[in-house]
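I opened my notebook to get to know a new structure. Here is what I looked up, in the order I went.

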Amino acid sequence: EISRAEGRPAVRSPKDLHLHPALENVGWAGLVNELNDAAGAAIHPIHDPILIATDGTVLAGFGRWRLAVFEQVPEIYCIEHSLSADDSLAFILTHHQTQRGWNAFVRIRLALTLKSSLQQAALNNMRFGGKYKGLANLPEAHHVNVRQQVADMAGVCPRSVGNVETILETAHPTLIEALGNGTLKINRAMQFCELPHGEQLVEFIRYSEERATNKVIR
């Protein structure tokens with residue numbers, strides 16, 4: 001884990017900063033919550049430093065950054081870390097494991113974007129060690145290890161990683177959206193994924209209506 005102390009102070013224009021591509025690709029919904037929190041200065045003072053990578057990727061302080069853009073603040077105080085794109089995402093995941101808007105599904109989905117590079121690194125290490133020369137695919141033991149690495153980044157168990165992979169392959173898009181905003185849990189989504197797409201949607205709507213009714217009754 002990289003601490004703030006390992007970064008260096010920097011002053012940057014908010015307009016020169018940006019989200020990590022993985023956050024944009026998965027349609028991360030947590031930015032709205034962080035922006036709302038940042039609007040309350042007592043919760044997140046706007047003068048707190050924003051953590052960034054050298055290339056301008058925001059690592060932490062997303063709400064304060066977007067608020068600064070919205071309010072057209074010319075410069076903001078940052079702590080800058082020299083990180084690659086993959087390391088930036090690993091930093092983001094580690095830093096936000098317990099924060100609101102970063103539920104297990106969101107973290108796993110983001111961590112899975114690093115799976116191919118982790119697999120390639122494992123394959124390169126085996127070749128470098130003189131084993132499996134010319135091998136195109138990882139042995140099963142190394143696949144298990146890569147899944148464990150993804151799980152560690154997301155702060156979950158490997159089984160949850162496997163479940164999310166299944167969900168991303170088989171779930172109706174509405175379920176994916178619900179998982180992202182926290183209105184649906186992974187285990188319940190797995191039950192829906194046993195059904196065809198059309199039935200998944202029908203059952204999810206029924207489930208949502210029952211939850212809403214029970215909430216009113218309580």
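How far is the side chain of Gln97 from the backbone oxygen of Asp152? I found 3.4 Å, which I checked against the rule for a polar contact: a pair of N or O atoms within 3.5 Å, where within protein one must be able to donate a hydrogen and the other to accept it, and residues adjacent in sequence count only if both atoms are side-chain atoms.

Before going on, I noted that this is a predicted model, where local features need pLDDT of at least 70, side-chain atom pairs count only at pLDDT 80 or more, and totals for chains, interfaces and linings use all residues. Residues are numbered from 1 along each chain as its sequence is written, and side-chain values use heavy atoms, with hydrogens and water left out.

**Entry: around Gln97.** I located Gln97 in the loop between helix H4 (85-95) and H5; helices (H or I, at least four residues) and strands (E, at least two) are DSSP runs, numbered from the N terminus. Gln97 counts as partly exposed because its relative accessibility is 26%; buried means under 20% relative accessible area, exposed over 50%, and partly exposed in between (1.4 Å probe, protein chains only). Leaving aside neighbours within four places in sequence, I saw Gln97 in contact (heavy atoms within 4.5 Å) with Trp102, Arg107, Asp152, Met153, Ala154 and Gly155. Gln97 and Ala154 lie 57 residues apart in sequence, yet their C-alpha atoms are 6.8 Å apart in space.

**Entry: helix H5.** Next I turned to H5, residues 104-112, and found seven of its nine residues buried. Among them are Phe105, Ile108 and Leu112. At the start of H5, I spotted a side-chain oxygen of Asn103 within 3.0 Å of the backbone nitrogen of Phe105.

**Entry: H5 against H9.** I then looked at how H5 packs with helix H9 (residues 173-181): the angle is about 110° and the axes are 6 Å apart. Axes are lines fitted to C-alpha atoms, for helices over the stretch in contact, and angles run from 0 to 180 degrees between N-to-C directions. So I wrote down H5 as roughly perpendicular to H9, a label for 65 to 115 degrees. From H5, Phe105, Val106 and Arg109 meet Ile176, Leu179 and Gly180 of H9.

**Entry: Thr57.** My last stop was Thr57, in the loop between strand S2 (50-53) and strand S3 (58-60). Is Thr57 buried or exposed? Thr57 counts as buried, because its relative accessibility is 2%.

Conventions. Parallel < 35°, antiparallel > 145°, perpendicular 65-115°, else oblique.
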